[in-house]
Amino acid sequence: MMARGLGGFVLAFAALAALAVWREDLGLPIFYLVLASTALFWIAQATSWNVLSGYSGYFSFGQGAFVGVGAYTTAVLGGRHGVDFYLTVPVAAVFSALLALLVGGLAFRLRSFRGEIFALLTLAVPFILAALARVNSEIDGGQGVVVPVAEYPEWLAQFQDFLYLLNLVVAVAAVAAAFAIQHTRFGWALASIRDAEDVAEGLGVATFRYKMLAIAVTGLIGGAAGSLFALQIGFVTVESVFGLTIPLFVIVMSVLGGRAHWLGPVLGAVVIVLIQDRLSASGFEGWNLIVLGAILAVLVVVAPDGLQARLWRRPWQAAVALVAVTGVLAIVDGWGGPLDWFVAGVLAAVAVVLWPGKAPAPAERRPAPSAAVPVPTDVDRGEAAESSGHSGPQLRPNSTIDGEVGEVLVECRDVTRYFGGVRALDGVSLQIRAGELVGLVGPNGSGKTTLVNLLSGALRPTSGSIAVAGRDIVGLAPHRIAHVGVSRTHQIPKPFESMTVRDNVAMAIMFGRSARPLAAAREEAQACLDVVHLRHLADAKPAEINLHERQLLEMARAIATKPKVLLLDEALAGLNPAEIDAAVAVVRRIHATGITIVIVEHLLRVVNQLATRVVVLNQGALLADGDPRTVMNDPDVIRAYLGRHAHARGT
Amino acid sequence: MLEVRELEAWYGQAQALWGVDLSVADGEVVCIVGPNGAGKSTLVQSIAGLHRSTRGTIAVDGVDVARVPAHRVGDHGVALVPEGRRVFARMTVHDNLVLGAYRRAVRPGLSAGLDRVHALFPRLGERSSQLAGSLSGGEQQMLAIGRALLAQPRLLLMDEPSLGLAPVVVDEVFDAIRAINADGVSVLLVEQDVERALEVSARGYVLAEGRIVASGSSAELTGSALVRRSVLGL
Amino acid sequence: MTTLQAALSGALVGGMFAVMAAGLSLTWGMLRVINLAHFGLILVGAYLTFELATSWGIDPILTIVLTVPLMFLVGAGLQWAFDRLGVEEFASLLVSFGLLIIVMQTVSNVWSADFQRMDGDVNPYATESVSIGRFVFPAPTLIAFVFAVVIVVAADQVLRRTFAGRALRAFAEDRTVASAFGIDHRRLGMVLAGLSAASAAVAGMLFALGNAVTPSTPFEWIGMVFAVVILGGIGQVGGVLLAGVLVGTLSAVVSATWSPALSPLVLFSAIILALLFRPYGLLTPAARGAR
């Protein structure tokens, strides 16, 4: 797939390059290559923007910064220091990437910086660079910099052919990079960050590192293309690069084309450049930006997913519209020239693709082999072992099943956590041994979920220590804790919405404790889906499955990281009794594979059925700890649940 | 006063209530008890108009309010003391109380209402200009109750008023419930402290897994094994 | 001496940015809409003042009698549309970016891309100045500052003392509970967005009073105004005046002592630092915002 795809890029490059090399033999007017150069420049820029902002969802208004650094590097090195143009391009790319890493280092260090705050932060960057360039006479000094014309090979007829070829190299490299990223771990990591960053981190994705990588790639491509931009405009000024025009264009292009796919920015850039060119040529220059603004405002509301995804659904209709409109206009020949006809055809195709229609039919639901019938509540040892037996080597049951507990796996010492002045947990000490299935219960607000968040690293304790498998985890990033062997589910399931059920699980395998390549991970995902009886829905999207199935998916994903200890945070909330019984059976099966489980659950009936041990929290402190029967008859526990006098009356 | 019939409620695809019937007579205190996650809060929020994914009827004085938008439910004499208090933390105590009387119909009663609340909870009067966020949990609960009283309700919905409070404070809150009821306000009380809830109310319902599993006078329910089992979720 | 003069003048100019920022801050904080089109409304306000004063001979300050009601309707209509289409916080940033571009280009098509400035005979304020002690202040900046104080104090009092103001603050904190007390967010939102747009009309007038304006001027405001909004604390109208004065002073002092070109550098560095360490305003502890 990957190799074939990249081979395609080489072919595309060769074909497009031939247009410039043999342009005069082909009789192609230079005008077309100039237009193509513009399109290629924007393809590179939009693709650059999309690697960070589209793939990972960190929306940036700062694309001008990368273009500017690239353009100024080439202009200053070439124009003031006589450095050879070819040398300035890589230098420009590297400078721009370094700037990107600086911005990323600042922005991604602090967690909550998604959405508008990140957007505003990146908005400020070009303004700062513009001020720096204006002040520093070594760079610009408010005068602008002239870019010397680079020498071009003699086998090219004109300078424009040369520019076209340069833009082609950068654009094809950029799109190929975006393609490659999308089809490797890197792209999967970015997609998971876009869909649910916390969850991705908790499943073992090193989110900070991937975001830094993404912004560096964005900077690298943006800078290289910016370097060519300098050559193209010949005279670099602060206004030409650091304004809001460049971010506007790349955002509109990517939103129009679609942000989740490498092809999106390409489609968007081509359509926008064509529209812009025809508007200008027809004397509607003043309408250029109005059309652009309208496309952005309308698309964000009407079709935020963009052209690409919809084109896949109506490829033939789009092709027919393109050919028909272009063809009819060519035959009638009453208005404009060939390019006008073609652009009219493209617009017709875009209209057909974006036309609101019926929502795509949900993936066909194959009958569930076993989940349709609620799984018997009392799964006996034999069945549990058997069901995990065909679930692949990584889930083979080991010796630690119910009752047989092993060494200490989790050790909390005097763990305290404050929120502001409120003590959510107050000096809790707790040991969990391998093979246990611990029920964590307590009234509302007793600190159960806080404890789960501390164990998974989502929160840090105010004081106290937590060790898992002998390793101190306090202060470790959640993805590291995942690699130590802690995995969790969320009370409200948070699947990666853009991925199928199978790929949700494959994600966790790819980035879990023993990392796997995608193909192997998809293979292994089947086994995890079998454990929770979701195999029949493997190809469905999370939006198409019900709450019960989403909660099962949550569990499948959690066990796919191959945890030592699994934290189930109210994994049964909102289910009906039959679904609860089915879910209980699933928890048993997971436990039978040798995974230690901590389950937070309101329904004491369920906890009693499942747990080998029950821990009761009340007002942030440990109230009781022991086997279910004893704990449930503990007067203190009953009082915590029923009220002050309950213990006095008894039953 | 309140007559709920065949109420079902959903969160997306997850059904939280299954055919709930209950009633509150004029001047009555009725409690709903049950384990966490049984749907008690959903029930109260559905009556208050805050949860609108429902089927069934919610009649207040004979008028079905199940389709009335949330900001119009108050017009029918219903006010809410929400779970977790949810006072407006960045506003003063005074402003929180005034906001209770936001609806035009009850604005004329503002100053009388403030006097009444200050008499009920003298501490709120002392802290009038303090930010609500800086109050203790118990004071915030009093403020949440006071805010609801300024809406001049005939039916007060109280969702877990004792949650997270020290026992002494809980006593105060329950004394206030009695005082409010003595003024003729009906109260529907959702409470995890079963004993206290049954003490203050005339009748009770036990809600478990989204269904009413038992109901009766508080005397009947007090100490009943069924109640104990449902509340413990056994 | 010159630095002090610059600082004081800068503080007054900051008043104008406070007027620009007030509406943006309130709609962001209360309605969760980041309305970049606000800058477009200010621009249109400035051009309308220019047009009404130049063609009709109306006193520039009095033009707001016409522009304010007009803008109110535009703002309320826009909010109605946002509410209807379910445009949430982040999408609002993009949609309104599109709208801003449309407005800027339309203005350019109508009034050309050149600088427009009211002549001295229609704008008597441009050449006036007021001396206080040793200091001299141009009339337009003084007028802007007076408007800023009036608008900010009035908005603050409305938010503090009226039912509608309390309702807005309650709504910003907890929409659900607010609705339980009879607060109709649709109507209230439209009123607030309308008032915010009305303040944009005033800001536009104030800008046109002392400056030449071009269709691309909003790009010069965006940085300054967002600095004011963020430093002042999103949704906190009192903070806007304080931050406006602070930002105005800072930028003027930097311009006077080093170089005018450096002032955006200092300003935007301040924004970045604020975003990194105090994203909810100088006066708001970071912890509360993080809730």
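## Close-up views of a predicted model

View 1. Side chains of opposite charge can pair when their charged atoms come close. Over all chains, a search of the whole structure finds 41 salt bridges.

**View 2. The salt bridge between chain A and chain B.** Here the pair spans two chains: Arg605(A) meets Glu209(B). Their side chains form a salt bridge, and the N to O distance is 3.1 Å. How many salt bridges are counted between chain A and chain B? The count is one. The interface of these two chains also has one residue pair in polar contact, with both residues at pLDDT 80 or more.

**View 3. The side of chain A that touches chain B.** Three elements of chain A give two or more residues to this side: α24 (604–610), α26 (635–642) and α27 (646–649). By residue type, the side of chain A divides into 10 nonpolar, 12 polar and three charged. The contact takes 25 residues from chain A and 25 residues from chain B. Together the two chains bury about 2200 Å². Carbon and sulfur atoms account for 52% of that area.

**View 4. Where chain A meets chain C.** In this contact, 34 residues of chain A face 32 residues of chain C. About 3100 Å² is buried between the two chains. Carbon and sulfur atoms give 88% of this area. How many salt bridges does the rule find across the interface of chain A and chain C? It finds zero. Two residue pairs are in polar contact between chain A and chain C, both residues of each at pLDDT 80 or more.

**View 5. The helices of chain A that touch chain C.** On the side of chain A that touches chain C, at least two residues each come from α5, α6 (115–135), α11 (245–257) and α13 (288–302) of chain A. Which of them gives the largest share? It is α6(A), with 15 residues. The residues on this side of chain A divide into 29 nonpolar, three polar and two charged.

**View 6. A nonpolar patch on the surface of chain A.** Five residues make up this surface patch: Val94(A), Phe95(A), Leu98(A), Leu101(A) and Leu220(A). Together they have about 420 Å² of accessible area. Helix α5 of chain A, residues 85–109, supplies the largest share of the patch, four residues. Leu98(A) has its place in helix α5 of chain A.

Note on methods. Residues numbered from 1 in each chain as written. Chains lettered and ligands numbered in written order. Predicted model: local features only at pLDDT ≥ 70, side-chain atom pairs only at ≥ 80, totals over all residues. Heavy atoms only, no water. Contact = heavy atoms within 4.5 Å. Buried area = accessible area lost by both parts, 1.4 Å probe. Salt bridge = Lys/Arg side-chain N within 4 Å of Asp/Glu carboxyl O. Polar contact = N/O pair within 3.5 Å; in protein donor to acceptor, adjacent residues only side chain to side chain. Nonpolar A, V, L, I, M, F, W, Y, C, P; charged D, E, K, R; others polar. Patch = residues over 30% accessible without salt bridge, like charges linked within 9 Å, V, L, I, M, F, W, Y side chains within 5 Å. Areas by Shrake-Rupley, 256 points an atom, 1.4 Å probe, with all protein chains shown as cover.
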